[in-house]
Amino acid sequence: MRHIVILTGAGVSAESGLGTFRDQDGLWTKYDLEDVATPEGFSRNPALVHGFYNARRANCLAASPNAAHAALARLQDAFNGRVTLVTQNVDDLHERAGADDVIHMHGTLPGALCAVCDHRWPAPASMDYLAACPSCGGPDTRPDIVWFGEMPYRMEEIYTALQDADLFVAIGTSGTVYPAAGFVAEAHAVGAQTLEINLEPSTTNGLFDHARIGPATKTVPEWVQDILRQ
Ligand code: BJW
Ligand code: ZN
């Protein structure tokens, strides 16, 4: 095996204390996603959206990477081949566990973005909608997050990696949000093996060749150990 492409979702960070979206008690049971995760919601009420992301940025800062993040960083280091790590998560726990070049397809909580000139800079702990862009001075500053209806980041790079994958692994994602939910089919179409690692089988579970079911802090280190032993 030469190339492993890994897609992570909220489940990989759940045991670090960061909430998932669609589980019982998930973020979308407390907030209306139309209000806080769409460009239209941001235009209607930027203060509400900044408040939502400021709170999540604070939670993220207070959280620590767990054994699943650490095992994936170890895999990147020790695997005799290529490991592409794509995450839907906006937290930086993969990086803080030592992972390299993490593809944040849905953006990052520690980032701020200017909607006028595309300049990016580290977000302050508390962003507010009156903050001007440090580069162009424009007023349209926002969290560097991909909302519904927006194009996820680095898609060309991701599809190129999927074309070349020998193994595709989805970890802790419900498989309900596209285009990420379609990656397993893409990988399958080019003949890659596919594996799901999840607390419970996801809605797209039928598309995977194999599954490892259980909490990420147990299943991911076990899987990494098996791969490194091969
Ligand atoms: C554990 C665990 C433990 C728990 N151990 N596991 C109709 C049909 C098809 C598509 C569309 C449609 N209408 C609209 C669309 C497109 C839309 C979409 O997919 N909507 C669906 C809801 C239907 N997608 C978009 O708009 C995207 N853009 C787009 O499509 O652009 C056009 C395009 C076309 C073609 C090619 C390319 C582009 C943008 C999507 C942006 C998503 N943004 C969010 C919020 C912003 C980020 C943030 O605030 O954090 O991203 S939504 C939210 O969901 C977040 C997540 O990244 C994303 C995925 O969630 P995830 O990670 O799967 O979490 P959960 O909670 O769903 O699942 C947790 C899982 O963990 C569960 O399975 C648990 O079992 C498991 N688990 N504990 C292991 N301890
Ligand atoms: Zn700007």
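**Between the domains**

Mentor: Across the interface of domain 1 and domain 2, zero salt bridges are found, a salt bridge being a side-chain nitrogen of Lys or Arg within 4 Å of a carboxyl oxygen of Asp or Glu. This is a predicted model, in which local features need pLDDT of at least 70, side-chain atom pairs count only at pLDDT 80 or more, and totals for chains, interfaces and linings use all residues. Residues are numbered from 1 along each chain as its sequence is written, and side-chain values use heavy atoms, leaving out hydrogens and water.

Trainee: How much area do domain 1 and domain 2 bury between them?

Mentor: Buried area is the accessible area (1.4 Å probe) that two parts lose on being put together, summed over both. Carbon and sulfur atoms carry 57% of it, and the area for domain 1 and domain 2 is about 1,000 Å².

Trainee: How many disulfides does a search of the whole structure find?

Mentor: A disulfide is counted when two cysteine sulfur atoms lie within 2.5 Å. The search of the whole structure gives zero.

Trainee: Is Cys114 buried or exposed?

Mentor: Buried means under 20% relative accessible area, exposed over 50%, and partly exposed in between (1.4 Å probe, protein chains only). Cys136, at 40%, is partly exposed. Cys114 has a relative accessible area of 0%, so Cys114 is buried.

Key:
Chains are lettered from A and ligands numbered from 1 in the order in which they are written.
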